[in-house]
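Subject: Structure handover and notes

Hello,

Here is the structure you asked for. My notes follow below it.

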Amino acid sequence: MAGDANTDGKEVLFTITRDHLDTGLRGFPVGTCPISDVDPIKGLSYGGIPIAELAHLDPEEVIHLLLRKELPDAAKLAVFHGELLGQGPLNPGVLKLLESFPRKGHPMKWLLGGLVAMGMFENAGDYRKDCLRVIAQLPELVAAIFRIRSGWGAPIAPKPELGWVENFVHMLGAPGASPDLTRLLRVFMILHFDHGGGNLSTFVGKAVASGHEDMYGSLAGAMAGLAGPLHGMANQECLRFVKEVAAEIKDPTDLEEVSKYVENRLATGGVLFGFGHAVLRVEDPRATVQYALGEEIAQNDGLFRLAVSLRTAGVEALKKRPKVSNPYPNVDAVSGTLLNACGLTDETYYTVLFGLSRCVGIASQIVWERTEARGGKGMPIVRPKYVYTGPAVKG
Ligand code: AMX
């Protein structure tokens, strides 16, 4: 804390005062991360490349960038695809366990259970090997969660020769899916792979791994963090919000009517879901990419048109409220309306899609922290200090 520090001439990054306690470690530098970064103005980047430049690449190229810290050429990409393919299908025991899960359990609970089960059936006990295996097999797990829990039918066998997303869409076999679902999910997955070192789920995953828990247990911890409505589950809540607005207005393109609704909602203490951010101070570039994609694949969809009207009306209204640090759309502002327009209409599953993607970045960061950081020694066990404020210690 201030006054206690002896910096020995070393660079001071942050001074901790009593006011900083109990603020969720907001902004505290606690480590280094060479994989991705979130800049308040430039937004998200992977390996120094802005997310907008990566959004339309092959998802496997971007996974390679996160794991191996370079975009692969065609030859390296082919080798990498072979490595993923070589992991084989998910152990049938995991799928059998899913069959016994209660349908009323939220899909994120299914994902947690599935990851724990994978840790018992698939575990190699090696962060690098398990990272590759979990990335290769998670699409099968998540597709099975959709199919079994939704009652769409038995899991569909993988076609690993397909791309990572193409295989996922094949295994999903979603009734009523539009032909644009693959295109959307390729972009969606890339946009959600990683988000700097300190977002809640990534931080939790790395903290669990710092006690040398294996990859599967660490990812299960991370996904429990992602499941909360202030974190990953915000995408589910955002589509519910857009649907709520749609039910209250006559014309989604009538900016005046949408603005009136928004002002009224804020005046009565309501939240504009899909707006604001803890770090960003501009429109999230991931939202910008999705608005542009929506104009190509969901141009005439009523909820998408409403999300576009909200993009203007929401910013105008939030800008009038100085307490709001960032009045601009975030990644969740439009992702749900696009998934809905492409046929994935049950928003309860959106956080699982986020989780499928985010496990890639978290697993990459765990591998780096456990096997490369500190000259290969790995980060020590996480152990922050809590300042005791209870009764004086006796004696
Ligand atoms: N609608 C209404 N009020 C908002 C708001 C919004 N979209 N964004 C911020 N505010 C309010 C906050 O509630 C807070 O009010 P208070 O002082 O009365 O408690 C005040 O403005 C200051 O908040 P802030 O410093 O701007 O934001 P934050 O860093 O505390 O929180 C976030 C960031 C995203 C939780 C917040 O902007 C929010 O609740 N947004 C709506 C929910 C949402 O879209 N979540 C998805 C985030 C993306 C993600 O992580 N997946």
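Are R286 and D284 buried or exposed? Both R286 and D284 are buried, where buried means under 20% relative accessible area, exposed means over 50%, and partly exposed lies in between (1.4 Å probe, protein chains only).

Before the rest, the conditions. This is a predicted model, in which local features need pLDDT of at least 70 and side-chain atom pairs count only at pLDDT 80 or more, while totals for chains, interfaces and linings use all residues. Residues are numbered from 1 along each chain as its sequence is written, and side-chain values use heavy atoms, with hydrogens and water left out.

Salt bridges

Side chains of opposite charge can pair when their charged atoms come close. I use the term salt bridge for a side-chain nitrogen of Lys or Arg within 4 Å of a carboxyl oxygen of Asp or Glu. By this rule the model has 17 salt bridges.

Helices here are DSSP runs (H or I, at least four residues), as are strands (E, at least two), and they are numbered from the N terminus. R186 counts as partly exposed, at 23% relative accessibility, and E166 is partly exposed at 24%.

The relative accessibility of E295 is 31%, which makes E295 partly exposed. There is also a network, in which salt bridges with shared partners join E237, R240, K243 and E347.

Cysteines

A disulfide is taken as a pair of cysteine sulfur atoms within 2.5 Å. The structure holds zero of these. For C131, the nearest cysteine sulfur is that of C359, 10 Å away. C131 is buried, with a relative accessible area of 2%. For C238, the closest cysteine sulfur is in C342 at 17 Å, which is too far for a bond. C238 is likewise buried, at 3% relative accessibility.

The second largest pocket

A grid of 1 Å over the protein atoms alone was used: a pocket is an open set of points with protein on both sides within 12 Å along at least five of seven lines, and lining residues have an atom within 4 Å of a point. The second largest pocket has a volume of about 240 Å³, a volume being the space filled by probe spheres set on the points, which are joined across faces, edges and corners.

Its lining has 17 residues, and L84, L85, A136, P160 and N167 lie nearest the centre. Helices α3 (74–85), α6 (127–150) and α7 (164–172) each give two or more residues to the lining. The largest share, four residues, comes from α6. By class, the lining has ten nonpolar, five polar and two charged residues. In that scheme Ala, Val, Leu, Ile, Met, Phe, Trp, Tyr, Cys and Pro are nonpolar, Asp, Glu, Lys and Arg are charged, and the others, Gly among them, are polar.

Two residues and their contacts

Contact means heavy atoms within 4.5 Å. T351 sits in helix α16 and is buried, with a relative accessible area of 0%. Not counting residues up to four places away in sequence, T351 touches M108, L226, G232, M233, N235 and Q236.

R183 is in helix α8 (residues 181–192) and is partly exposed at 37% relative accessibility. Leaving aside neighbours within four places in sequence, R183 contacts L293, E296 and I297. R183 and I297 are 114 residues apart along the chain, and their C-alpha atoms are separated by 8.9 Å.

Backbone angles

Most residues other than glycine have a negative phi. L25 is not a glycine, yet its phi is positive, at about 55°. L25 lies in the segment before β1 (36–39) and is partly exposed, with a relative accessible area of 39%. R374 is not a glycine either, and has a positive phi of about 50°. R374 is in the segment after α16 (350–371), and at 45% relative accessibility counts as partly exposed.

Regards

Definitions and conventions: 1 Å grid on protein atoms, 1.4 Å probe; cavity = no way out; pocket = protein on both sides within 12 Å on 5 of 7 lines; lining within 4 Å.
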